[in-house]
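Thanks for coming. I have one model to go through, so please have a look at it first.

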Amino acid sequence: MASKDAGAFIGGVLLGAALGSVVGLLLAPRSGQETRRILKRSVDALPGAAEDVTESAQEQIDRLMHSARRSLDETIHKLNEAIEASRTDGVVPAPGSGNQDGPPTQAAENN
């Protein structure tokens, strides 16, 4: 989620900078030809800036997904170890063992 917010923020900053540049150029006391030339340079630079933002956001998303996947795998592994340990200790019955009420009681162990 933070990665998405960072990408949106960077995109907003770039868009604001581009719009500010356009407005500044249009209101600047320059000749029309010079203003159009400067404006063309600014517009030509936008695709490169957008591509940089896209690549940066994709890298952040990839890192976040890798980290989340690793954390999930570790958690699943720990849960499986805990389940297996509890089964070998007799705390949790194995699926299909018939005892669905929880750990065996003293009476059930004596039978």
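Ser 86 sits in helix α2. With a relative accessible area of 15%, Ser 86 is buried; the class covers anything under 20%, exposed is over 50%, and partly exposed is in between (1.4 Å probe, protein chains only).

Before going further, the ground rules. This is a predicted model, in which local features need pLDDT of at least 70 and side-chain atom pairs count only at pLDDT 80 or more, while totals for chains, interfaces and linings use all residues. Residues are numbered from 1 along each chain as its sequence is written, and side-chain values use heavy atoms, with hydrogens and water left out.

Now the overall picture. The protein has 3 helices and 0 strands, and its pattern along the sequence is α-α-α. Helices (H or I, at least four residues) and strands (E, at least two) are DSSP runs, numbered from the N terminus. Of the 111 residues, 10% are buried. The accessible surface comes to about 8800 Å², with 61% of it belonging to carbon and sulfur atoms; the areas are from the Shrake-Rupley method with a 1.4 Å probe, and for residues only the protein chains shown count as cover.

Which residues form the negative surface patch? They are Glu 51, Asp 52, Glu 55, Glu 59 and Asp 62. Patch members have over 30% relative accessible area and no salt bridge; like charges are joined within 9 Å, and nonpolar side chains (Val, Leu, Ile, Met, Phe, Trp, Tyr) within 5 Å. A salt bridge means a side-chain nitrogen of Lys or Arg within 4 Å of a carboxyl oxygen of Asp or Glu. Charges are placed at CG of Asp or CD of Glu.

Two members in detail. Glu 59 is in helix α2, residues 32-88, and counts as partly exposed because its relative accessibility is 47%. Glu 55 is also placed in helix α2 and is partly exposed at 40%. From Glu 55 to Gly 7 is 9.8 Å, C-alpha to C-alpha, across 48 residues of sequence.

Last, a nonpolar surface patch of about 350 Å² is made by Phe 9, Ile 10, Val 13 and Leu 14. Val 13 belongs to helix α1, residues 2-27, and is partly exposed at 43%.

How values were computed: Lys and Arg count as positive and Asp and Glu as negative; His and the chain ends are not counted.
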